[in-house]
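Please look over the protein chain and its ligand below.

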Amino acid sequence: MNNSVTNNKSAHAKRRADSNLGIKRQQQRPRLDMNQAPRIPVRSTLASRSNHNSPTASTTERLSNISASSITSNSRLSNASINSNSSRISASSSSSTKSMSATTKAKKPIFDKTKKSIPTWDTKGRLNQLQAQLTETSEEVNEIEKLQQDLESSLQSKDGMLREAMQKVTDLERTIQETEERHQDELDKIRERFVSKNRELIYSNERRKKQFAGFESELSTMEFEYRKTKRTIEDEERENTTLKTQKRQVEGSLAELDAATRNKRLKKKNLMSELTAAEEKSETLSSRIESKGQYIQELQRTLLQNEKLRRKDHDKLQELKGNIRVFCRVRPAINSKTEPNLINARFFGDDNESMELTELTSSTLGRTITKSHTFTFDRVFSPEASQKDCFEEISQLVQSALDGFNVCIFAYGQTGSGKTFTMQGPTFPTEETSGMIPRAVQQIYEVVQQLKQFGWEYNMEGQFLEIYNETINDLLGNSSNYGRIKHEIHHEKNGKTSVTEMTSVVLDSPSKVKLMLRKANQNRATGATNMNERSSRSHSVFTLQLTGRNAATGETTSGILNLIDLAGSERLSMSGSTGDRLRETQAINKSLSCLGDKL
Ligand SMILES: Nc1ncnc2c1ncn2[C@@H]1O[C@H](COP(=O)(O)OP(=O)(O)OP(=O)(O)O)[C@@H](O)[C@H]1O
């Protein structure tokens with residue numbers, strides 16, 4: 001649209017420029033000067049008009065030819081002036097020329113060669129001839145002068161006519177110029193009207209286009225809606241067909257159902273009679289169930305009593321077995337080169353309670369002497385005994401802890417004798433090699449699950465401490481607090497012993513025990529400069545607090561299971577320790593002898 005407007009504007013401007021140019025051209029057009037003979041532009045203008053309108057052009061040409069051939073001496077009469085004159089001028093010139101030509105034709109030639117020549121000696125004859133010729137020539141001159149006067153007068157009248165014609169031409173030119181100017185003004189107005197009309201048309205065209213675009217989008221929306229509706233109708237038709245088919249099927253099924261219902265009614269009748277019989281039977285059964293329920297309650301009461309009896313029996317058994325029991329476990333040789341079989345061991349006894357050690361020594365006389373030592377314990381575990389075998393023996397003690405007893409299991413022995421292995425297991429334990437602590441927790445967890453049916457709910461919390469050089473460290477706490485926090489031992493009135501500011505972990509699943517042992521081992525390693533030495537020279541105590549409550553009977557129990565890995569016991573004389581080591585050994589021995597005193 002802008003382009004078209006610009007184009008219109010430029011076209012309009014061009015037309016304006018052209019019209020100005022036209023005016024300038026008209027202004028530049030030379031005006032006719034009456035004193036100067038007609039100029040080329042005027043002649044061209046008139047010639048173009050006269051060529052079309054005037055039939056006398058040929059007459060003018062003829063006049064010019066005649067004038068040129070016969071009146072060459074007249075300088076005022078030019079070809080141009082004659083050519084540019086109107087037909088009237090041409091006509092009058094033509095008549096003058098005719099008369100002049102007639103006169104010229106009537107004259108005899110001055111030197112007529114056809115005349116008879118006069119001999120040179122005839123002077124008189126020749127004089128007469130010359131006089132005759134002079135007379136003739138004078139007459140001709142007179143005639144020409146007369147003709148010239150005629151032509152001059154004719155020319156003057158024609159000049160007047162020419163001026164008149166020129167004036168008309170000037171008037172006409174003015175009229176033409178005015179007309180052209182008026183036409184130009186009208187043309188400009190028409191052009192302006194055209195431009196504004198054109199602009200209006202462009203605007204309305206744009207409006208129409210927008211409307212058209214709107215109609216088109218509306219149309220496409222309607223088309224989309226139409227297609228959608230068509231699809232919906234098709235879908236509905238399909239669904240309708242399906243429904244009709246289904247209806248037929250349902251009708252068929254209904255008929256089948258009718259038949260089936262009739263059968264069912266029959267069956268129902270039979271069943272009703274069966275139900276009546278069953279109800280009678282049920283009543284009989286209900287009374288029997290009632291009596292059974294009473295019986296079950298009695299059984300549960302008996303079971304509870306039995307459970308109590310079991311506890312008592314278990315307690316008695318443990319007492320009979322001895323409140324303090326000592327087992328001996330002989331670890332296998334780990335490296336045959338560094339640990340040669342110096343001692344022969346023999347295990348015997350009905351309950352594997354004895355062992356005989358035979359050693360070879362040299363007498364003072366140099367003879368080899370065999371010395372035998374027999375030891376008896378509550379149970380002896382040979383090197384082949386597994387972790388499972390060891391745990392079976394202490395599992396009854398673990399049960400006692402659940403029954404509300406305080407149980408302590410110590411591992412005592414020399415450095416490297418297998419105390420940590422027995423209590424915790426190796427660094428990366430398997431199900432086979434896991435030690436007494438994880439096994440004890442696993443058993444407690446299983447028994448707690450079983451006891452739930454008798455109404456028992458247990459809470460299990462574990463603590464892990466280390467006693468190094470008479471100082472207590474919390475193995476489940478932050479190792480950076482070692483030496484900062486002072487833990488104290490409290491003996492309570494109810495006979496229980498507790499340690500202050502210890503971290504307690506709820507051990508409600510065996511996996512948590514694994515995590516707890518890992519953390520304790522890490523802390524033990526962090527607190528030591530050398531792990532083996534530190535673990536060898538410190539006591540570790542794992543305490544499991546078990547509190548149970550029976551919602552059915554209202555009974556409560558509170559037991560403690562302590563699993564203790566004691567520091568390696570060395571004889572001072574044999575260890576050869578000095579300095580810090582000596583102090584460590586002294587502390588260990590002191591604590592071990594205290595323990596021995598207590599036991
Ligand atoms: N019954 C066993 N079967 C196999 N290997 C064992 C057994 N007992 C101990 N060991 C191994 O013997 C080595 C020493 O065992 P452990 O560290 O348990 O002795 P320790 O008495 O705890 O020593 P310390 O007093 O230095 O702590 C370990 O490599 C351990 O794996």
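## Ligand shell

The shell around the ligand has four nonpolar, 10 polar and two charged residues. Here Ala, Val, Leu, Ile, Met, Phe, Trp, Tyr, Cys and Pro count as nonpolar, Asp, Glu, Lys and Arg as charged, and the others, Gly among them, as polar. This is a predicted model: local features need pLDDT of at least 70, side-chain atom pairs count only at pLDDT 80 or more, and totals for chains, interfaces and linings use all residues. Residues are numbered from 1 along each chain as its sequence is written.

The ligand is surrounded by 16 residues (C-beta atom, placed from the backbone, within 6 Å of the ligand). Gly 418, Thr 420, Phe 421, Ser 536 and Gly 568 are the closest. Helix 8 (419-423) and helix 11 (531-536) are the elements that give two or more residues to this shell. Domain 2 (327-385) and domain 3 (386-598) each supply at least three; the bounds come from an automatic or database domain assignment.

## Chain

The protein chain has 13 helices and 13 strands. These are DSSP runs, numbered from the N terminus: helices are H or I, at least four residues, and strands are E, at least two. Of the 599 residues, 15% are buried (20 or more other C-beta atoms within 10 Å of the residue's own, placed from the backbone).

## Strand 6

Strand 6 (residues 406-411) has alternating side chains. Val 407, Ile 409 and Ala 411 point to one face and are buried.

Strand 6 pairs with strand 13 (residues 556-565) in the parallel sense, over six bridges; pairing takes at least two DSSP bridges. In strand 13, Asn 562 stands opposite Cys 408.

Definitions and conventions
A residue is buried if 20 or more other C-beta atoms lie within 10 Å of its own, exposed if 12 or fewer, and partly exposed in between; C-beta atoms are placed from the backbone.
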